[in-house]
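Subject: Model handover and findings

Hello,

Here is the model I promised to pass on. My notes follow below it.

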Amino acid sequence: MSDFSQAAPPLLGSSLLASAKAHEKARPLPASLGSATIDQNALDGGFRYGEITSIAGASGMGKTLLAYHAIASHLLTHKFGEVAFIDTTGSFSPLRLRKVLTYRLESQIQRNSYQETGYMYEKRISTLENRKEAMIEKATSMLDRVKFMRVFDFAGVVEAISEINELMEDVMRKPQKPTFVAVEKRRDEINDSEEELDEEDEELQTEGVGDPGDIQDSDRQRGSIGMIIIDTITNIVSAMMAKSQIQGQALLANFMRSLHHLTFRHHICTILTNAAVGMNPSNNPEYQHGPREDVSIFSSTLGRPALGKTFTFLIDTSIFLSAVPKTSDDATIAFGDGKEASSYQKALILEILKDRCGTREGRWAAFEIAPDVKIVPSG
């Protein structure tokens, strides 16, 4: 009998457990969105590394902004970490991303300031405006670690991911140089508050802000990609599906398997933005005829992620963004006769539709987008 007919030798569960523990230990902490409401209530800390997350929603729901905040978290947390941004629509805005980075730098300074007391705290707040230019320069320099790729079709996305995979394999083959952390010599005298502030200003301009424990250098080598953003995946896949549904589904499944292998092997946080379908006007209670296929736990939220049910099984976490009336009065306007439907206030909802690990499914958080880049709780 041929050797090919023999069954593969079984693996011991203990060896699989050891491998899983080693992988989990090497995985970085989740990429925070900078919003405690979303991070704690819905995401359980943020977007996970080693997993593929899809953010779906209608236009204007904040999909790309959430991706920008994830990028900011990665760049702020990993001193040498880099991001690959694959743009399929030509909508990437380096100016807006820099605003997000500057805002997160400001928020980090303010958060650290709460740990101080007395006039030290007040002085640090008063100097925040003076440090604005330094923060903008710091945010600009961080953009050097964002690799932008403009693609026009599905083949372009496949090629971009293949290049990232080759890059990561080259990085793994290179010997990792030890990271030396400069330790300040112990001083006999304690500096006064003025000198400490000057030192912190210099640190902002050179090494960044935040507590030393916030920086995770050991898991990222120079030149390695720790985050992949595909914004958006909908149009290129839909165009491919339009030519041949069966062939398109097969190509998509094969691509997602390769992307998942890359993501899992190198502990990458991969985020795909996706459109929503089935969105109908909500100001008329008699708009629906026939069965509903909406997936949200909110009865007033219509639609579902695009690309069909099969796509849901090819990702690890499925997030759906929607808008609901903010108050009961707003709901009355929204679902009334429709005369004032355009004037009511809305709250945005981030909802976990699917979580491969099963720990976050069904969780949600309400938020709003303050002018341009800020994510704030809906109140």
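First, a term: two strands pair if DSSP finds at least two bridges between them. Helices (H or I, at least four residues) and strands (E, at least two) are DSSP runs, numbered from the N terminus. This is a predicted model, where local features need pLDDT of at least 70, side-chain atom pairs count only at pLDDT 80 or more, and totals for chains, interfaces and linings use all residues. Residues are numbered from 1 along each chain as its sequence is written, and side-chain values use heavy atoms, with hydrogens and water left out.

**The sheet**

Nine strands make an open sheet with mixed pairing. The order is E3-E2-E4-E5-E1-E8-E9-E10-E11. Strands E3 (146-150) and E11 (375-377) are the edges, each pairing on one side only. On average, neighbouring strands are turned by 25 degrees against each other, direction ignored. (Axes are lines fitted to C-alpha atoms, for helices over the stretch in contact; angles run from 0 to 180 degrees between N-to-C directions.)

E1 and strand E8 (residues 317-325) pair in the parallel sense, over five bridges. Gly57 has Leu321 of E8 as its bridge partner. E1 also runs parallel to strand E5 (residues 269-274), with six bridges. There, Ala56 is partnered by Asn274. E8 and strand E9 (residues 346-355) are antiparallel and joined by nine bridges. In that pairing, Ala323 stands opposite Leu348 of E9.

Two helices pack on this sheet. Helix H3 touches E1, E2, E3, E4, E5, E8, E9, E10 and E11 (contact: heavy atoms within 4.5 Å). The direction of H3 makes about 170 degrees with that of E4. H7 touches E2, E3 and E4, and its direction makes about 180 degrees with that of E4.

**Strand E1**

How many residues of strand E1 (residues 51-57) are buried? Seven of the seven, so E1 is largely enclosed by the rest of the structure. (Buried is under 20% relative accessible area, exposed over 50%, partly exposed in between; 1.4 Å probe, protein chains only.) In a regular strand the side chains alternate between the two faces of the sheet. Both faces of E1 are covered: Glu51, Thr53, Ile55 and Gly57 are buried on one side, and Ile52, Ser54 and Ala56 on the other.

**Nonpolar cores**

A nonpolar core is a set of buried Ala, Val, Leu, Ile, Met, Phe, Trp, Tyr and Cys residues joined through side-chain atoms within 4.5 Å. The largest has 44 residues. Phe47, Ile71, Met227 and Leu350 touch the most other members. H3 (residues 63-77) gives the largest share of this core, nine residues. A second, separate core of 32 residues includes Ile225, Ile230, Met241 and Met256.

**Aromatic pairs**

There are six. (Rings of Phe, Tyr and Trp, its six-membered ring, pair if their centres lie within 6.5 Å; planes under 30 degrees apart are stacked, over 60 edge-to-face, the rest tilted.) One is Phe154 with Phe255, edge-to-face at 5.4 Å centre to centre and 70 degrees between the planes. Phe154 is in helix H7 (residues 154-173) and Phe255 in helix H10 (residues 245-265), so the pair ties together parts 101 residues apart in sequence. Phe154 is buried at 10% relative accessible area. Phe255 is buried at 5%. Separately, Tyr68, Phe85, Phe92 and Phe148 form one aromatic cluster.

**A buried glutamate**

Glu106 sits in helix H4 (residues 94-113). At 16% relative accessibility, Glu106 counts as buried.

Best wishes
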